[in-house]
Amino acid sequence: MSNAGLMISVSGVRGRVGEALTPELITTYAAGFGAWARGPIVVGRDSRVSGPMFHRAVLAGLQSVGCDVIDVGLAPTPTIQLAVEYHHAAGGLAITASHNPIEWNALKFIAPSGLFLSASEGAEMRETTARGFPRATWDCLGQVRPDTEAIARHIDAIVALPYIDVPAIRRRAFHVALDCVRGAGATIMPALLERLGCRVTAINLETDGRFPRPPEPIAENLGQLEELVRQSKADIGMAVDPDVDRLALVDETGSAIGEDYTLALAAGAVLRRDKGPVVTNLSTSRVVDDAAALAGVEVIRAPVGEVNVAVRMRDVQSPVGGEGNGGVIVRDLHLGRDAPAGAALVLQLLVDENQPLARIIARRPRYAIVKDKLDRPSGSLDSTYAALRTAFAGAGVDTADGMRFAWGDRWVHIRPSGTEPVVRVIAEAPTVDLAKELVERSRAYLLQA
């Protein structure tokens, strides 16, 4: 089995459909995961066009090694993670490429804990797959049974969180503009918001995977939602990515505030009620540090990758954490990014602050963050990192994930992506020009690699 053209990392196995990613490869990886996990497996998918095809391939692979399957069907990735925990399953498979472009799909591998596989667990599973494994005979094939209540349980768990005052949110009767990008968000977001007493005006609720815009919920992709907020006079706009683990916000004036604010706002709601450190990754904005400082707690940074943040949260007993891409993790729910939970927490913060979102943001320190990416060089980045150390002499250096340089009021993070064949360069500074300067200086060395 060739892995050429695939992106393999703690974010799973990703590729372009019909090129590196084929039904044969998906079946093999699903069977290898089942042979490694050795027990019942929860399976679900997002709405991508290739999803039904790969869903059938996954079921066949798992059954072929004798694994029983609990099938949640079309569902958010966090719903699938919660179902693994609920059923005490041996693991889970989410068929989703998350925010990647429409031509991609992927398998995300979930451990019995509901967390994604760690780097060492992933390596062990892939070794099992490459080595080969016995197939079940006709009388020992796995059976498939549906779980039609997984999304309802997910909603119930969110509204039961100790940080969510459902009656108070319902009294506010928020008007929410919603963009589900024709992904799996339509299976949960409208129902959750209505449960919280919101009036919902929505676009892109079709679950056909034909994304009407680039699926990553970053500010430049949310023009349609911004216009919807203005036209409908909504209190807030919310956008999710195709597998519903990332949430981005638009304020009541129709301006996208940037996905980095989602975690900061959600953390504010949690930290009012449960003090503890906030864990986030090395590429996350300082707005999270400000939210933590307001609550009198520290910020702990981990390498990029949901499982890296989740494991650190577990180790330090962090009540809330996540990533600056709009991913919120709430310990009392589960250790995974969860856009529906983030949405409920943001509404709770609006209740707590009793002010519109634009005013809340205006009261907080503002930073300019610039996110760029370029094709990944074919060679090693070691010489580039060495040159950057010289260029940025005097900066604090963190090498836990690529290389991050930090000064008192600015930072730049250079790292190879685990989900796309690119190198990401993210910088934050007091002004856009200063952040762009850090990005451009870093890009110059990368282009020489």
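This is a predicted model: local features need pLDDT of at least 70, side-chain atom pairs count only at pLDDT 80 or more; totals for chains, interfaces and linings use all residues.

Trainee: How many aromatic pairs does the structure hold?

Mentor: There are 5 aromatic pairs in the structure. One of them joins the rings of Phe33 and Trp36.

Trainee: Why is the pair of Phe33 and Trp36 called tilted?

Mentor: A pair of aromatic rings is described by the distance of the centres and the angle of the planes. The centres of Phe33 and Trp36 are 6.0 Å apart, and pairing requires centres within 6.5 Å. Their planes stand at 35°, whereas stacked needs under 30 degrees and edge-to-face over 60. The pair is therefore tilted.

Trainee: What makes Phe33 and Trp36 about one helical turn apart?

Mentor: Both belong to helix α1, residues 23–37, and they are 3 residues apart there, so about one helical turn separates them.

Trainee: How do you know whether Phe33 and Trp36 are buried or exposed?

Mentor: The limit for buried is under 20% relative accessible area. Phe33 has 0% relative accessibility and therefore counts as buried. Trp36 has a relative accessible area of 18%, so Trp36 is buried as well.

Trainee: Which type of aromatic pair do Phe33 and Phe109 form?

Mentor: Phe33 and Phe109 form a tilted pair, with 5.5 Å from centre to centre and 45° between the planes. This pair links distant parts of the chain, for Phe33 is in helix α1 and Phe109 is in strand β6 (residues 104–110), 76 residues apart. Phe109 is buried, as is Phe33. Together with Tyr29 and Trp36, these two residues form one aromatic cluster.

Trainee: What makes Arg153 a charge over the ring of Tyr86?

Mentor: Arg153 lies over the face of Tyr86, at 3.7 Å from the ring centre, and the distance limit is within 6 Å. Likewise, the charged end of Arg404 sits over the ring of Trp411, 4.5 Å from its centre.

Trainee: Why is Glu216 called buried?

Mentor: Glu216 has a relative accessible area of 19%, and the limit is under 20%, so Glu216 is buried. Glu216 is found in the loop between β9 (199–203) and α8 (223–232).

Trainee: What does the side chain of Glu216 make with the side chain of Arg246?

Mentor: The two side chains make a polar contact at 3.1 Å, where the limit is within 3.5 Å. Leaving aside neighbours within four places in sequence, Glu216 is in contact with His99, Asn221 and Arg246.

Methods. Residues are numbered from 1 along each chain as its sequence is written. Side-chain values use heavy atoms; hydrogens and water are left out. Helices (H or I, at least four residues) and strands (E, at least two) are DSSP runs, numbered from the N terminus. Buried means under 20% relative accessible area, exposed over 50%, partly exposed in between (1.4 Å probe, protein chains only). A charge sits over a ring if NZ of Lys or CZ of Arg is within 6 Å of the ring centre and within 35 degrees of the ring normal. A polar contact is a pair of N or O atoms within 3.5 Å; within protein, one must be able to donate a hydrogen and the other to accept it, and residues adjacent in sequence count only if both atoms are side-chain atoms. Contact means heavy atoms within 4.5 Å.
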